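Please examine the sequence and the structure shown below.

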Amino acid sequence: MNSVEKRAILGVGGIFALRMVGLFMIVPVFSVYGNNYAHATPFLIGLAVGIYGLGQAIFQIPMSLAADKFPRKPIIFLGLILFAIGGIIAANATDIYEVIIGRALAGSGAVSAVLMALLADVTREEMRTKAMATMGLTIATSIMLAFAFGPLLVGSLGISGLFWLTAGFAVLAMLLLMIVPTPLRVLKHNLDNKSIGEQLATVLKIGDLNRLHIGIFALHLTMTAIFVILPHQLNEVMGLSVRQQGLVYLPLLFIGFAVAIPFIIIAEKKRKMRQVFLGALALITAALAILALGSQAGIGIILGLLLYFMGFNLIEATIPSWISKRAPVANKATAMGISSSSQFFGAFVGGAMGGLLLSQPSLLAWGILAVIMGVALMLIIPIAQPPYLSSTTVSVPKNVNMQDWSRQMLAVDGVDELVVMAKEKVAYLKLDKTQLTDDSRQQLSSLAQSPLDI
């Protein structure tokens with residue numbers, strides 16, 4: 001990777017990590033500590049856990065549509081401000097409704113898709129897979145670490161302290177945004193004349209993207225529901241306090257993460273993404289079935305969680321890379337926005353469902369979640385392998401008009417997308433090699449004032 005890509009991954013990855021840890025630290029502890037708020041009921045506690053997902057689901061698509069038309073960074077900054085304000089409101093809450101309002105406002109800062117699209121802009125095609133897989137692993141690891149450290153910190157900081165940390169993380173994320181390169185996106189097919197409906201229709205008619213959306217919805221539904229139900233079961237079956245439960249999650253996280261990494265490499269390097277993805281879905285279905293059948297024994301809970309964490313890491317690492325390959329060039333943010341909306345709507349449904357399942361027998365509760373994941377697997381099986389494309393990097397000549405030079409590059413047959421980092425004097429070209437001719441290669445070399453390896 002070049003220096004631009006490394007800076008982008010560091011900055012975007014840091015922002016994702018801070019947001020995810022802030023959002024998810026309360027998930028494994030709130031079903032217990034939420035009872036301390038006025039007017040709390042099992043359903044409202046579950047709603048407070050999952051409501052951020054509803055805010056994310058509602059606002060991901062509008063923000064991602066805007067990010068396909070306007071610069072991405074200001075939209076990300078706005079989302080982080082909302083995230084911080086929501087954390088402050090929840091930190092000062094005295095009743096469950098105020099927590100719900102704060103979590104909902106934090107969720108309205110829905111910039112996950114815009115962050116992914118920004119990262120896609122500033123990474124070359126052959127590096128984008130690695131970058132997206134890194135983001136997927138960052139998201140999965142951040143969520144798992146949040147599940148581990150939330151229980152460990154709540155004893156000393158309290159729930160309000162965790163919410164204050166969320167607000168602080170948002171401020172740190174704003175500072176990290178400054179190190180991410182600012183790209184100038186130039187597309188052959190401009191979106192200025194496309195309506196919002198046309199942008200959405202372009203993405204929604206792609207069946208394989210819709211299957212990915214189903215997968216991420218089911219994953220986050222089950223994940224959020226699990227961590228509403230699980231704290232009570234770990235206490236009843238294994239006698240563990242909320243704080244002790246973090247010591248259970250942490251080793252399972254690292255084992256699941258270590259086992260998942262080789263399969264992520266196989267998916268990318270060996271182009272076996274479909275097989276690994278479907279295998280991970282099947283693994284999660286089996287994990288939930290084990291939790292259903294073995295929830296009254298400590299070994300059943302531990303084994304089920306370990307398998308679930310393995311599958312979770314695989315899916316979270318795979319989907320961003322897959323979408324970056326499959327989404328239309330001019331609609332990357334929109335496609336990622338729909339995926340993020342599906343993810344967070346799943347979290348909202350899972351939080352509410354977990355609250356309702358708290359009062360049900362464990363066999364029924366886990367069994368329902370296993371059936372949901374099994375149905376998702378059946379719907380996703382027809383998915384095809386993602387396409388594998390190519391790109392190249394060129395240096396921008398000195399003393400050129402950037403817009404004129406960009407238009408000349410896009411006029412060359414075989415060039416579909418151009419992203420320019422003006423400050424770094426570097427441009428990425430997305431190429432369709434089937435349309436490249438000797439003449440077009442010569443044109444590109446002339447415009448770049450250097451020979452190209454294409």
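A residue is called buried if its relative accessible area is under 20%, exposed if it is over 50%, and partly exposed in between, with a 1.4 Å probe and protein chains only. This is a predicted model, in which local features need pLDDT of at least 70 and side-chain atom pairs count only at pLDDT 80 or more, whereas totals for chains, interfaces and linings use all residues. Residues are numbered from 1 along each chain as its sequence is written, and side-chain values use heavy atoms, with hydrogens and water left out.

**Domains**

- The domain assignment of the chain, which is automatic or taken from a database, gives domain 1 (3-182 + 209-381) and domain 2 (389-448).
- The centres of domain 1 and domain 2, taken over C-alpha atoms, are separated by 37 Å.

**Glutamine 233**

- Glutamine 233 belongs to helix 9 (residues 207-238); helices (H or I, at least four residues) and strands (E, at least two) are DSSP runs, numbered from the N terminus.
- Glutamine 233 counts as buried because its relative accessibility is 7%.
- The side chains of glutamine 233 and tryptophan 366 are joined by a polar contact of 2.6 Å. A polar contact is a pair of N or O atoms within 3.5 Å; within protein, one must be able to donate a hydrogen and the other to accept it, and residues adjacent in sequence count only if both atoms are side-chain atoms.
- Contact in general means heavy atoms within 4.5 Å. Leaving aside neighbours within four places in sequence, glutamine 233 is in contact with Met238, Ser295, Gln296, Ser362 and Trp366.

**Aromatic rings**

- Rings of Phe, Tyr and Trp (its six-membered ring) pair if their centres lie within 6.5 Å; planes under 30 degrees apart count as stacked, over 60 as edge-to-face and the rest as tilted.
- By this rule, there are eight aromatic pairs.
- One of the pairs is formed by tyrosine 52 and phenylalanine 344, which are edge-to-face, with 5.8 Å centre to centre and 80 degrees between the planes.
- This pair links distant parts of the chain, since tyrosine 52 is in helix 3 (residues 42-67) and phenylalanine 344 is in helix 13 (residues 332-357), 292 residues apart.
- Both tyrosine 52 and phenylalanine 344 are buried.
- Phenylalanine 217 and phenylalanine 345 form a stacked pair, at 6.0 Å centre to centre and with 25 degrees between the planes.
- Phenylalanine 217 lies in helix 9 and phenylalanine 345 in helix 13, so this pair ties together parts that are 128 residues apart in sequence.
- Phenylalanine 217 is partly exposed, with a relative accessible area of 26%, and phenylalanine 345 also counts as partly exposed, at 36% relative accessibility.
- Phe24, Tyr52 and Phe344 are linked into a cluster by ring pairs.
- Arginine 19 lies over the face of phenylalanine 83, at 5.6 Å from the ring centre. A charge sits over a ring if NZ of Lys or CZ of Arg is within 6 Å of the ring centre and within 35 degrees of the ring normal.

**Nonpolar cores**

- A nonpolar core is a set of buried Ala, Val, Leu, Ile, Met, Phe, Trp, Tyr and Cys residues joined through side-chain atoms within 4.5 Å.
- The largest nonpolar core has 136 residues, and those with the most contacts inside it are Phe24, Phe30, Leu288 and Tyr308.
- Helix 7 (residues 125-177) supplies the largest share of this core, 20 residues.
- Apart from this core lies another, of 17 residues, among them Trp405, Met409, Ala427 and Leu447.
- Not counting residues up to four places away in sequence, phenylalanine 30 touches Tyr37, Ile45, Ala48, Val49, Ile96, Val99 and Ile159.

- Aspartate 413 is placed in the loop between helix 15 (402-410) and strand 3 (415-421).
- Aspartate 413 counts as partly exposed because its relative accessibility is 48%.
- Aspartate 413 and glutamine 435 are 22 residues apart along the chain, and their C-alpha atoms are separated by 6.2 Å.
- Lysine 332 is found in helix 13 and counts as buried, at 1% relative accessibility.

**Positive phi angles**

- Histidine 39 is not a glycine, although it has a positive phi of about 70 degrees.
- Histidine 39 is found in the loop between helix 2 (27-33) and helix 3, and counts as exposed at 53% relative accessibility.
- Arginine 271, which is not a glycine, has a positive phi of about 55 degrees.
- Arginine 271 is in the loop between helix 10 (242-269) and helix 11 (273-294).
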